[in-house]
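Look at the chain and its fold together.

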Amino acid sequence: MIEGAAVRVMGVDPGLTRCGVGVVEGAPGKRLHMVHVSVVRTDADEDHALRLLAIQTGIEALMDELRPDAVAVERVFAQHNVRTVMGTAQAAGIAMLAAARRGLPVALHTPSEAKAAVTGNGRADKAQVTRMVTRLLSLETAPRPADAADALALAICHVWRGGAQQRLVRARLSRIEEAARAERARLAARSRGGSVQ
């Protein structure tokens, strides 16, 4: 990713009944543009495996159509309802797998990170997140349901944090490359019979 260049990020708010998908294009410090928002829905009465297949089919179709540069998925956290968290984790895994199959980088963001990115408050409620997503993307109407707004918030979070994350990755790679060059030079000097320190 070129510094300051626009990036297209697909945010996925995983869920077994409603899986929010939002695609945002932009760059850190630049105006954001909504490319797409929708919810992949499954019927709670449907067979569990078929529900997962429907989520996979929906997410993969959107990835192929919208061609994101990266995918941001909500990090699943422990809830009291184990059944709910299991379905959410399975939907998150499907999104990550679909991205990996396409060679797309995947980032996990906590709900608090996404809320803080769009509202400035990691404890913001769903209404506040929806209001700020609507404002930040200059939308005429708020994305509904909340899963759709949450998916857009994840994408926004990643666009804005992505610049810093990319700089950190480049810095780490630079240090690794420098260490590798030093080691190659040391080995070359050793093979020429020079002193090795």
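In this predicted model, the side chain of Arg 51 makes a polar contact of 2.9 Å with the side chain of Thr 42. Arg 51 lies in helix 1. Is Arg 51 buried or exposed? Arg 51 is buried, yet it has no salt bridge. The nearest side chain of opposite charge belongs to Asp 43, 6.6 Å away. A salt bridge needs a nitrogen and a carboxyl oxygen within 4 Å.

Asp 43 also has a part in something else. Together with Asp 45, Glu 46 and Asp 47, Asp 43 forms a negative surface patch. Asp 45 sits in the loop between strand 3 (33–41) and helix 1 (48–66). Asp 45 counts as exposed because its relative accessibility is 73%, and the cut-off for exposed is over 50%.

**The overall plan**

The protein has five helices and five strands. Along the sequence they follow the pattern β-β-β-α-β-α-β-α-α-α. The protein has 197 residues, and 39% of them count as buried.

**Charged pairs**

Side chains of opposite charge can pair when their charged atoms come close. How many salt bridges does the structure hold? It holds eight.

| Salt bridge | Distance, N to O |
|---|---|
| Glu 60 and Arg 101 | 3.0 Å |
| Arg 161 and Glu 113 | 3.7 Å |
| Asp 150 and Lys 126 | 2.6 Å |

Take the salt bridge of Glu 60 and Arg 101. The pair links distant parts of the chain, with Glu 60 in helix 1 and Arg 101 in helix 2 (residues 82–101), 41 residues apart. Glu 60 is buried, because its relative accessibility is 15%. Arg 101 is exposed, at 53%. Both residues belong to a network of salt bridges that also links Asp 64 and Arg 102.

Next comes the salt bridge of Arg 161 and Glu 113. Arg 161 lies in helix 5 and Glu 113 in helix 3 (residues 111–119), so the pair ties together parts that are 48 residues apart in sequence. Arg 161 is partly exposed, with 33% relative accessibility. Glu 113 is partly exposed too, at 25%.

The side chains of Asp 150 and Lys 126 also meet in a salt bridge. Asp 150 is in helix 5 and Lys 126 in helix 4, so this pair ties together parts 24 residues apart in sequence. Asp 150 is buried, with a relative accessible area of 11%. Lys 126 is partly exposed, at 49%.

**Backbone details**

Most residues other than glycine have a negative phi, and most peptide bonds are trans. Which residues have a positive phi although they are not glycine? Arg 67 is one of them, with a phi of about 50°. Ser 138 is another, at about 55°. Arg 67 is in the loop between helix 1 and strand 4 (70–74). Arg 67 counts as exposed because its relative accessibility is 62%. Ser 138 is in the loop between helix 4 and helix 5, and Ser 138 is partly exposed at 42%.

The peptide bond from Arg 144 to Pro 145 is cis, with omega near -5°. Pro 145 is found in the loop between helix 4 (126–136) and helix 5 (146–191). Ala 146 is in helix 5. Ala 146 and Gly 20 are 126 residues apart in sequence, but their C-alpha atoms are 8.3 Å apart in space. Ala 146 counts as partly exposed, at 25% relative accessibility.

Definitions and conventions:
Residues numbered from 1 in each chain as written. Predicted model: local features only at pLDDT ≥ 70, side-chain atom pairs only at ≥ 80, totals over all residues. Heavy atoms only, no water. Patch = residues over 30% accessible without salt bridge, like charges linked within 9 Å, V, L, I, M, F, W, Y side chains within 5 Å. Areas by Shrake-Rupley, 256 points an atom, 1.4 Å probe, with all protein chains shown as cover. Lys, Arg positive; Asp, Glu negative; His and termini not counted. Charge placed at Lys NZ, Arg CZ, Asp CG, Glu CD. Helix = DSSP H or I, 4+ residues; strand = E, 2+ residues; numbered from the N terminus. Buried < 20%, exposed > 50% of the residue type's maximum accessible area, 1.4 Å probe, protein only. Polar contact = N/O pair within 3.5 Å; in protein donor to acceptor, adjacent residues only side chain to side chain.
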